[in-house]
Amino acid sequence: MKYATEFRDPKAAKAVLARIAAVADEIGATRAAPVHIMEICGGHTHAIFRYGLDKLVHEGIEFIHGPGCPVCVLPMARVDECVEIAERPEVVFTTFGDAMRVPGTRKSLMQAKADGADIRMVYSPLDALELARRNPDREVVFFGLGFETTTPSTALAIQQAAREGLENFSVFCNHITVPEPIKALLDDPHMVLDGFIGPGHVSMVIGTHPYDFIARDYAKPIAVAGFEPLDLLQSVLMVLEQIRDGRAEVENQYARVVPEHGNPVSLAAMADVYERRPSFEWRGLGEIDASGLRIRPVYAAYDAEEKFGVGYAAGPRNVAEPEGCACGQVMTGRIKPTACPQFGRGCTPEMPLGALMVSSEGACAAYWQYGGARATEAAE
Amino acid sequence: MCLGIPGQIVAVTDETRMMALAEVSGVRREVNVACVLDRPIGDLVGEWALIHVGFAMALIDADEAAKTLEALRDLGEAQEALEAMEAGQKALEGQS
Ligand code: SF4
């Protein structure tokens with residue numbers, strides 16, 4: 001864990017921490033009655049733990065870790081479908097490395113690869129395109145996974161494949177969107193949320209307006225933030241000041257990267273290639289309306305669901321979570337990871353049982369990696 | 001996978017496909033620049049961009065690039081991105 005003195009700009013960090021403390025006192029936030037701020041993005045969760053920001057800020061501020069880690073919200077059924085496609089002899093299945101260890105009901109992609117399926121980790125959908133060009137006799141499938149940050153790249157890859165008439169390339173599209181699960185959490189009467197830290201890189205693509213409903217309809221403040229510790233602290237301060245002033249607005253702390261209206265080229269590519277699914281399943285959160293994207297019929301030739309008859313289109317396939325795992329409760333901020341009976345026992349980053357343990361952006365993995373002391377604290 | 005990594009665009013490789021060579025922490029890789037093409041592609045050479053899974057998604061200044069890279073190194077994400085690039089290269093060569 002890093003402390004404020006180790007920050008690049010310790011003076012600035014200390015000044016912001018002091019202002020956070022002053023405003024927290026002004027609004028009467030205490031350890032017993034804290035202000036609940038959800039950081040939506042898994043990258044922010046990771047940064048908060050890496051720098052120990054949750055311990056550095058005033059004790060009346062509690063971070064609730066949001067659903068913004070795409071690997072963590074991937075249901076087992078989707079992993080099973082990946083394995084099913086990957087095990088076809090003609091298929092070269094390509095995926096971001098993050099997805100390799102997510103458990104499915106039968107096996108993870110890692111296990112499927114060990115069992116002989118041709119599964120390759122790629123850095124980019126462009127690598128998958130290149131594989132398709134070089135292997136015309138194989139079916140190259142790319143696992144489209146992630147929020148609006150990665151969605152445009154898959155859309156642009158499909159457009160490129162269409163321009164080239166590459167018939168042996170397709171995408172297994174499981175892209176999801178950020179605003180819809182936030183709405184679902186705000187509609188959940190059990191959730192206590194006082195404000196949000198908005199994702200930086202998702203917002204770089206979609207802009208800040210998709211969050212307007214949070215301020216307008218739910219009267220909650222949100223500040224879109226960058227990834228440096230100082231960015232995060234400043235966004236916490238922005239949210240607290242809004243609460244103090246009785247304001248609810250969408251503020252942009254990361255304006256140096258996030259344009260108000262997003263990235264026009266990305267948005268156009270996404271609109272051209274994708275349409276919303278009526279609903280989509282999230283691990284731990286269940287079905288959420290309009291929260292997933294599928295490939296439009298005009299691009300059906302590049303849709304792995306159409307090509308192989310596997311996926312969301314092929315009918316409901318709900319699979320129960322493994323016994324004794326509390327992923328859903330952790331995901332909705334009801335309990336801390338350390339309260340899960342499997343934490344550190346049946347579930348570790350080496351042998352994950354739930355997906356929150358797989359990626360460094362998952363809350364359980366972050367607790368495990370940086371919170372050894374906290375785990376003991378909680379056990380005492 | 002969700003956090004981009006800063007890279008400097010050093011050459012145009014394929015104008016029709018909107019591809020350029022970017023240097024990321026000393027590693028060179030081809031990236032798509034469609035999303036930041038607000039000028040003739042050749043004029044992007046020398047610019048810094050946030051690169052996400054092989055796509056330049058936003059132009060940033062050199063100072064911001066340096067700060068972001070430092071934060072990513074702290075988080076271990078810079079290393080992860082470079083390893084992913086290497087894995088991608090291996091996948092193309094059919095060795096992974
Ligand atoms: S410790 Fe493992 S099983 Fe428990 S909530 Fe976290 S990821 Fe799920």
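Rings of Phe, Tyr and Trp (for Trp, the six-membered ring) form an aromatic pair if their centres lie within 6.5 Å; planes under 30 degrees apart make the pair stacked, over 60 edge-to-face, and the rest tilted. By that criterion, the whole structure holds 8 aromatic pairs over all chains. The model is predicted: local features need pLDDT of at least 70, side-chain atom pairs count only at pLDDT 80 or more, and totals for chains, interfaces and linings use all residues. Residues are numbered from 1 along each chain as its sequence is written, chains are lettered from A and ligands numbered from 1 in the order in which they are written, and side-chain values use heavy atoms, with hydrogens and water left out.

**View 1. The stacked pair Phe143(A) and Phe172(A).** The two rings are 6.0 Å apart centre to centre, with 25° between the planes. Phe143(A) belongs to strand β5 (residues 139-146) of chain A and Phe172(A) to strand β6 (residues 169-175) of chain A, 29 residues apart; helices (H or I, at least four residues) and strands (E, at least two) are DSSP runs, numbered from the N terminus. Phe143(A) has 1% relative accessibility and counts as buried; Phe172(A), at 0%, is buried. Buried means under 20% relative accessible area, exposed over 50%, and partly exposed in between (1.4 Å probe, protein chains only). Ring pairs join Phe93(A), Phe143(A) and Phe172(A) into a cluster.

**View 2. The tilted pair Phe147(A) and Trp282(A).** The ring centres are 5.9 Å apart and the planes stand at 45°, so the pair is tilted. Phe147(A) sits in the loop between β5 and α7 (151-164) of chain A, and Trp282(A) in strand β11 (residues 279-282) of chain A, 135 residues apart. Both Phe147(A) and Trp282(A) are buried.

View 3. Thr95(A) is buried, with a relative accessible area of 0%. Leaving out residues up to four places away in sequence, Thr95(A) touches Met100(A), Leu109(A), Ile119(A), Arg120(A), Met121(A), Val122(A) and Phe143(A). Contact means heavy atoms within 4.5 Å.

**View 4. Helix α1 (residues 62-75) of chain B.** At 1.5 Å a residue (times one less than the number of residues), the 14 residues of the helix should span 20 Å, and the end C-alpha atoms are 20 Å apart, which agrees. Buried in α1(B) are Glu64(B), Ala65(B), Thr68(B), Leu69(B), Ala71(B), Leu72(B) and Leu75(B). Seen down the axis, these residues fall within an arc of 165°, so they line one face of the helix; the arc is that of the directions from the helix axis to the C-beta atoms. They pack against elements of both chains, including α2 (42-50) and α15 (363-370) of chain A and β1 (5-14) of chain B.

**View 5. The shell around the ligand.** Cys325(A), Ala326(A), Cys327(A), Val330(A), Cys340(A), Phe343(A), Cys347(A), Gly354(A), Leu356(A), Met357(A) and Cys364(A) surround the ligand, each with a heavy atom within 4 Å of it. By class, the shell has 10 nonpolar, 1 polar and no charged residues; Ala, Val, Leu, Ile, Met, Phe, Trp, Tyr, Cys and Pro count as nonpolar, Asp, Glu, Lys and Arg as charged, and the others, Gly among them, as polar.
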